[in-house]
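Visitor: I would like a close look at a single part of this model, taken slowly and with the terms spelled out.

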Amino acid sequence: MLRITVQSDSSGMVFRLEGKLSDAWVAELGKAWRLNRVFPDRSAVRVDLTEVSFVDEEGKSLLTGFARQGAELVARGPMMRDLVRKIEAHAQAARLAPEGVQQFSLKRRLSQCG
């Protein structure tokens, strides 16, 4: 189960997640992202993962996409902070790599994220 709360104000938008980012909930978060990102003038987007207890491979991939688009990922606890650090590193590497290399290496690296 995942609870998705979207808040926006003059400083930007926050996607606050609570629960497990897995299975069908990954698609729901993707839909919420698309519906709420229709205004490209938002100055900042933050994805608050402080209440997330688990992220599956599809969730990691989705979060990597958010990070590639400039979203700030916020986490609490050593495991989730480490996951965010790895996702952000992968997102940055993906922005720099050619497209074909991007997809292969990103999937390989994310599968190694505990």
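In which hand of crossing does H1 pass H2?

Guide: This is a predicted model, in which local features need pLDDT of at least 70 and side-chain atom pairs count only at pLDDT 80 or more, while totals for chains, interfaces and linings use all residues. Residues are numbered from 1 along each chain as its sequence is written, and side-chain values use heavy atoms, with hydrogens and water left out. H1 passes H2 in a left-handed crossing, a term for a near helix turned anticlockwise from the far one by less than a right angle (right-handed if clockwise). Helices here are DSSP runs of H or I with at least four residues, and strands are runs of E with at least two, numbered from the N terminus. Helix H1 covers residues 24-36 and helix H2 residues 57-68, and the two pack at an angle of about 20 degrees with their axes 9 Å apart. That angle makes H1 roughly parallel to H2, since angles under 35 degrees count as roughly parallel, over 145 as roughly antiparallel, 65 to 115 as roughly perpendicular and the rest as oblique. The axes are lines fitted to C-alpha atoms, for helices over the stretch in contact, and angles run from 0 to 180 degrees between N-to-C directions. On the H1 side the contact (heavy atoms within 4.5 Å) is made by Val-26, Leu-29, Gly-30 and Trp-33, and on the H2 side by Glu-58, Gly-59, Leu-62 and Phe-66. By class, this contact of H1 with H2 has five nonpolar, two polar and one charged residues. H2 also packs with helix H3 (residues 78-96), at an angle of about 60 degrees and with axes 8 Å apart, which makes H2 oblique to H3.

Notes:
Ala, Val, Leu, Ile, Met, Phe, Trp, Tyr, Cys and Pro count as nonpolar, Asp, Glu, Lys and Arg as charged, and the others, Gly among them, as polar.
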